[in-house]
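Open the structure in your viewer and keep the selection panel at hand. This tour goes from stop to stop, saying what to select and what is there.

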Amino acid sequence: MNPFTFTQSGDVDAALAHLAAGARPIAGGTNLIDLMKEGVMRPGELVDINGLNLEKIEDGPDKGMRLGALARNADTAYHETVRRRYPLLSSAILAGASPQLRNMATNGGNLLQRTRCYYFYDVGTPCNKREPGSGCPAKDGLNRQLAILGTSEQCIATHPSDMCVALRALDAVVHVRSSKGERDIPFADFHRLPGDRPDLDTTLQPGELITYIDLPDADRFMAHSAYIKVRDRLSYAFALVSVAAALDLDGKTIRAARIAMGGVAHKPWRVEEAEAALEGKQADEAAFGAAADILLRGARGYGQNDFKLTLARNAIVQALTTAARGTDYAKGEQR
Ligand SMILES: Cc1cc2nc3c(=O)[nH]c(=O)nc-3n(C[C@H](O)[C@H](O)[C@H](O)COP(=O)(O)OP(=O)(O)OC[C@H]3O[C@@H](n4cnc5c(N)ncnc54)[C@H](O)[C@@H]3O)c2cc1C
Ligand code: SF4
């Protein structure tokens with residue numbers, strides 16, 4: 001294990017000063033500690049941010065909600081108002097990890113969890129994300145879990161979060177602070193595609209701390225939403241493909257739609273053109289299939305993950321069909 005210093009901070013400005021000097025924040029530690037144990041990440045200083053008083057879940061501007069960066073995933077998913085007004089988010093969080101992990105994991109940390117590509121975790125192999133310029137063995141190797149959309153020559157990794165798929169569908173906004181000031185990042189711009197810098201997962205700048213996530217009012221989608229996650233085991237497994245779907249219906253006619261996908265790209269995947277194609281249509285399989293074809297335009301497999309092309313289309317149709325029947329409020333495992 002690499003030597004590092006550990007500081008506990010109870011004050012945001014003091015924590016930001018540490019981050020400006022190159023320290024890395026630690027929240028629940030459920031991803032960062034694993035990465036440090038494997039030698040994938042080697043921070044020289046950790047700042048424990050758990051004392052920063054950023055765990056509130058409260059009303060946000062314009063009838064929305066504000067989720068503190070340090071609120072635990074379990075507390076967010078089971079929050080009474082989140083469950084009622086954002087059942088899509090609740091379901092997505094409860095589809096992830098295990099009750100113990102969700103009790104520890106924070107909202108900010110969830111956004112910044114790193115890919116589960118096997119090569120990324122194995123420091124004995126090349127990997128452009130871990131070591132830029134070293135190569136990408138996944139393209140011709142173990143790629144069953146990996147991306148079919150938005151890939152590059154350099155990297156075909158997927159972003160593993162379930163929560164982020166719902167946040168993308170809900171048009172969330174990430175609020176960040178650094179010693180230089182603060183800014184809002186629309187969720188669409190928060191995660192990035194690999195391009196020729198696969199080492200960068202997000203547009204977060206060095207020294208920036210996530211303080212909260214804003215959810216805009218989405219009440220019109222409340223009654224018809226669904227999160228579908230297809231995985232190798234029923235629990236404690238990352239998505240092969242997942243879909244967050246929400247519909248605003250007038251009888252059987254679609255007024256508006258939201259569809260985001262996980263397990264298929266380096267960021268939650270959303271194509272607004274597919275949603276626009278549903279507007280004014282009857283909520284039926286033909287319309288859902290046509291939207292799926294737009295969402296999956298340009299998709300390609302790399303051998304082991306070719307099955308995702310069919311799986312993704314089926315999952316989109318299933319998620320939209322389930323949403324159209326009415327929200328099945330997340331029951332999930334209890335904490
Ligand atoms: C066995 C296992 C199974 C899992 N299964 C799933 C799954 O099915 N679906 C799923 O979505 N997730 C899954 N996870 C991942 C889990 O959700 C994440 O590990 C967790 O959300 C990370 O949150 P954390 O608070 O523990 O982050 P940490 O590990 O503390 O931090 C993660 C990263 O975020 C940074 N960070 C943390 N907070 C902030 C902040 N406020 N501002 C700036 N930077 C910050 C840290 O520096 C670090 O780089 C699984 C994890 C494990 C171990
Ligand atoms: S897909 Fe990305 S993370 Fe996986 S080996 Fe290639 S460069 Fe590394």
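Predicted model: local features only at pLDDT ≥ 70, side-chain atom pairs only at ≥ 80, totals over all residues.

Residues are numbered from 1 along each chain as its sequence is written, chains are lettered from A and ligands numbered from 1 in the order in which they are written, and side-chain values use heavy atoms, without hydrogens and water.

**Stop 1: the domains.** Select residues 1–53 for domain 1 and 221–325 for domain 2; these bounds come from an automatic or database domain assignment. The C-alpha centres of the two domains lie 36 Å apart.

**Stop 2: ligand 1.** Now select ligand 1 and the 34 residues around it, of which P25, G29, T30, T106 and D162 come nearest. A residue counts as near if one of its heavy atoms lies within 4 Å. Domain 1 and domain 2 each give at least three residues to this shell. Colour the shell by class: 16 residues are nonpolar, twelve polar and six charged. Here Ala, Val, Leu, Ile, Met, Phe, Trp, Tyr, Cys and Pro are nonpolar, Asp, Glu, Lys and Arg are charged, and the others, Gly among them, are polar.

- R24: a polar side-chain atom, at 2.9 Å.
- P25: a polar backbone atom, at 2.5 Å.
- T30: a polar side-chain atom, at 2.6 Å.

Taken alone, ligand 1 exposes 980 Å², and the protein buries 94% of that; such areas come from the Shrake-Rupley method with a 1.4 Å probe.

**Stop 3: R258.** Select R258, in strand β11 (residues 253–262); strands are DSSP runs of E, at least two residues long, numbered from the N terminus. The R258 side chain reaches the backbone oxygen of A169 at 2.9 Å. R258 counts as buried because its relative accessible area is 14%, and buried means under 20% (1.4 Å probe, protein chains only).

**Stop 4: the cysteines.** Select C127, which is buried at 8% relative accessibility, then C164, which is buried at 0%. How many disulfides does the structure hold? The structure holds zero, a disulfide being a pair of cysteine sulfur atoms within 2.5 Å. The closest cysteine sulfur to that of C164 is in C155, 17 Å away, so the two are too far apart for a bond.

Definitions and conventions: Buried < 20%, exposed > 50% of the residue type's maximum accessible area, 1.4 Å probe, protein only. Polar contact = N/O pair within 3.5 Å; in protein donor to acceptor, adjacent residues only side chain to side chain. Helix = DSSP H or I, 4+ residues; strand = E, 2+ residues; numbered from the N terminus.
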